[in-house]
Structure formats: structure tokens, C-alpha cells
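Please look over the model below. The report that follows covers a strand and its neighbours, then a metal site.

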Amino acid sequence: MGPLHRGYRARVPRHSRTGPLLVFGPRSTAYDLGPGHPLTPRRFGPGIDLLRSVGAEPGLAPEPASDDELGLVHDQSYVATIRSLSARPIGPEHLEAGIGPGDTPAFPGMHEAAAAVAGGSLRALEAILRGETEHAFHPGGGLHHAMRDRASGFCVYNDPALAIARARRDGLRVLYVDLDVHHGDGVQAIHWNDPGVLTISVHETGHALFPGSGFIDELGGPDAPGSKVNVPLEPGTGERGWLAAVERVVPELAAEFRPEVVISQHGSDGHAVDPLAHLRLTTTAFGAAARLVDTVAHRWAGGRWLATGGGGYDAYRVVPRAWSLVWLAGAHRDPPARISEAWRERWAAEAESYGQAPLPERFEDPPNAGRPFGPVDEVLDRRALEVAEAVLARRRATIVGPA
Ligand SMILES: [Zn+2]
């Protein structure tokens, strides 16, 4: 057990004994881009089941956001296009709207399904703003690539950007932390010139991975210099380097920014066994990062924290554990020593049939995802911290101006 395993324990009063409001309902599984698509609603089966095994019970069923609400960040003409494709999934509008075969295909009912993801995050944020719950977790949310007028990267409507816009309507300063392996480009672009929104995205470098952006010189628009922060990491970076970069950047910038609400995206596609990307992260690191975000929310934002899911394409071995660890972080509880045997029995055959077996026995992975630390890890760990330092330095220079 290294320092990582001691990690961040929430040093906060245990006042939310029941844990974060869990957002899930019948409409959650309707966001379905088709058989064989990596972002599969199959993940909700084992995912919600494992959450239940640690004491989480869905308490808010997503319903579609209204067109006015979607209009907080999306063009009405784009919403109209999605509505039309939703009713008739073939049409001339689709290329311009970012919809097509491949990443983000049209499907019947696409508008209602995507609007419900947005509605889930919006209602959860409003429950937090009303003080009904300190924390909420929406595992089906985190569709961070959608742009104002265009779908992208499996994402139709940008629910984290919408939740941020909703908090901004109340004049609140929002810290957005994006831990998905892909750059949170849509959220960054939509709030690019708003100094009241600090976005921090830690991801695999755009030189190696979709969407090809998120470099250290992307720092915000002319009215908001230094309010957009990106930590691009080399392919192969493991849990130590990733977590060290998160720990180096997030608490310091939060202390400077003093958010009134924290919204975070917990994609688990940076995991060592995830099929789509090339980081070598662990559920251990995901849990530690979630506890860090929880700590930041309590320190600066009165505990107001909306967590969303995100990417994550190993629906059996990784996603359920990653979701449970986010919820447990918000419940201020350590994970149980072992994963329920009944859960493993229920999902073993299905996991096997998708080539994602055997199922793990523990919530946290072995150090370095089970591979001995070697010289390459040392180099990549050092590199991750160098990038974090470079980001902070570049940001300071941007705010202060040339010496
Ligand atoms: Zn908390």
C-alpha cells in the first residue's frame, strides 16, 4: 500500500448519512446508440445493482428537459434538428448537426432520451441548490463533448454544461472538474468566455486521442483568462502520475477561485483495461480523486456537489466499481472490503459473454493495475507532474501578463 491507498479521506462531518441523491430511472437506459456501440445502456444493469449493494437507492428519475432549458446552452435550431432526426432518423440535416453513422448515430426517440439525461442533471442540481441534498450523483450524465450546435463523441445534449448554466443563472461561481480520459471540450467551449466558470480537465493528450484538443495553452476567452485549465497526459500514464496531477492542480485552483458549486465528470475510460484509450488508471485512483472533489466541495462550496458519470467502456469490470466509488466518496464512506458475492454471481455470465471477465473481487484495484512499477512508470509519473506545473505556470503568466 503506497501513499495512493491512504489517499484523501473526507475530513468532513458525517452529516449526509444516507449519501448522494442517486439519479437513475426508466429513461436512463433509453439513451442507446445501438447494438455494438461502446456507450451501452447495458452498463446500468451491473452498475446500479452494485450501487444498491453499497446502500445507494435511485431517488430521482430523469425526465426530459424542456426546450427552453436546453436553450440555456444549445441553439434552438440544433434542438429542432435533433427533434426531427429523433422522429425520422435519416435526414439531410445530420452531418451539420454532428449526427451520423459511427460515433453519434441517430436513433428513434433520441431527442427525448438525450433531453432526459439533461433533465436528470438539471433536476439534481436544483435539488442541491434548494438544499434538499448536499451531493447528487447522475451516472448516466457527463455527456461533455456536445457543442452548442452540434453533437459529438456520443453526446447529443451537454448535461454538465447545462447544469453549470443553471447555477450561473443564480449567479453562483462554478468549478467543473472533468476526469474522463477524453478532454471535456464541449463544456470548455460553451463556457469559454465566462470567468465565473472554472473548468479543469485532466485527460490523455489530444495528440493521441479524441477530440484532439485540451492543451495547456487553452486558458479561456478574452473576458475569462485562466478560467479554463487543461492537463494533457501522455499515453501510458498510470494511477500515480494521474492522481498526482489532479492533486497538484485541483485544490490550489479551487482555493484561488472559491467556487460556490462543484460539478464533476467521472468518466472511467482512463482505466487500464478500458478498450478506447491508453491511460493505465485504476478504480483506486478514481475513488481517491472523487474523495478529493468531495473535500473541495465541502471546503469551498458549502458541500454543493453534483457528480456525473461519463465515458467507461468496460461495463462489467470497471464502470460499476467506478460509479460505486464516486457515490461512496459522496457518502463519506470507505468501500466495503469485498464486492458482494451475489453481485458477482448475477453478472458473471453476461460479463463473460462480452469478454469482460472475470469480475473483480474488490472495489479498489491492485497497485499500478497489477503490474510492477518500472522505469517507464517513473518517467511518466514525472512527466505528469511536469505538465501540471507547466499548466499552472502558463496560467499565471496569462493572468498576470508578460513580466
Ligand atoms: Zn461530501
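## Strand β4 and its partners

In this predicted model, V177 has S264 in β7 as its bridge partner. The two strands, β4 and β7 (residues 261–265), run parallel and are joined by five bridges.

β4 also pairs with strand β5 (residues 197–204), again in the parallel sense and over five bridges. Within this pairing, L175 lies opposite L198 of β5. Between β4 and β5 the chain passes through helix α7 (residues 185–190), making a right-handed β-α-β crossover.

## Burial of β4

Five of the five residues of β4 (residues 174–178) are buried. In a regular strand, side chains alternate between the two faces of the sheet.

## The zinc site

Four protein residues donate to the zinc ion: H135 (NE2), D294 (OD), H298 (NE2) and H332 (NE2), at 1.8 to 2.0 Å. The angles among the four donor atoms are 98 to 119 degrees, and the site is tetrahedral. For comparison, the ideal angle for four tetrahedral donors is 109.5 degrees.

The donor spacing along the sequence is H-x158-D-x3-H-x33-H. H135 in strand β3 (residues 135–138) and H332 in the loop between α10 (319–330) and α11 (341–353) are 197 residues apart, so the pair links distant parts of the chain.

Are these two histidines buried or exposed? H135 counts as buried because its relative accessibility is 2%. H332 is also buried, with a relative accessible area of 6%.

Conventions
Residues are numbered from 1 along each chain as its sequence is written. This is a predicted model: local features need pLDDT of at least 70, side-chain atom pairs count only at pLDDT 80 or more; totals for chains, interfaces and linings use all residues. Side-chain values use heavy atoms; hydrogens and water are left out. Donors are N, O and S atoms within 2.8 Å of the metal (3.2 Å for Na, K and Ca); water is not among the atoms, so sites may look incomplete. Four donors count as tetrahedral if all angles lie between 85 and 135 degrees; four count as square planar and six as octahedral if opposite donors are over 155 degrees apart and all others between 65 and 115; anything else is irregular. Helices (H or I, at least four residues) and strands (E, at least two) are DSSP runs, numbered from the N terminus. Buried means under 20% relative accessible area, exposed over 50%, partly exposed in between (1.4 Å probe, protein chains only). Two strands pair if DSSP finds at least two bridges between them. A crossover is right-handed if, with the strands pointing away from the viewer, the path from the first strand over the helix to the second runs clockwise.
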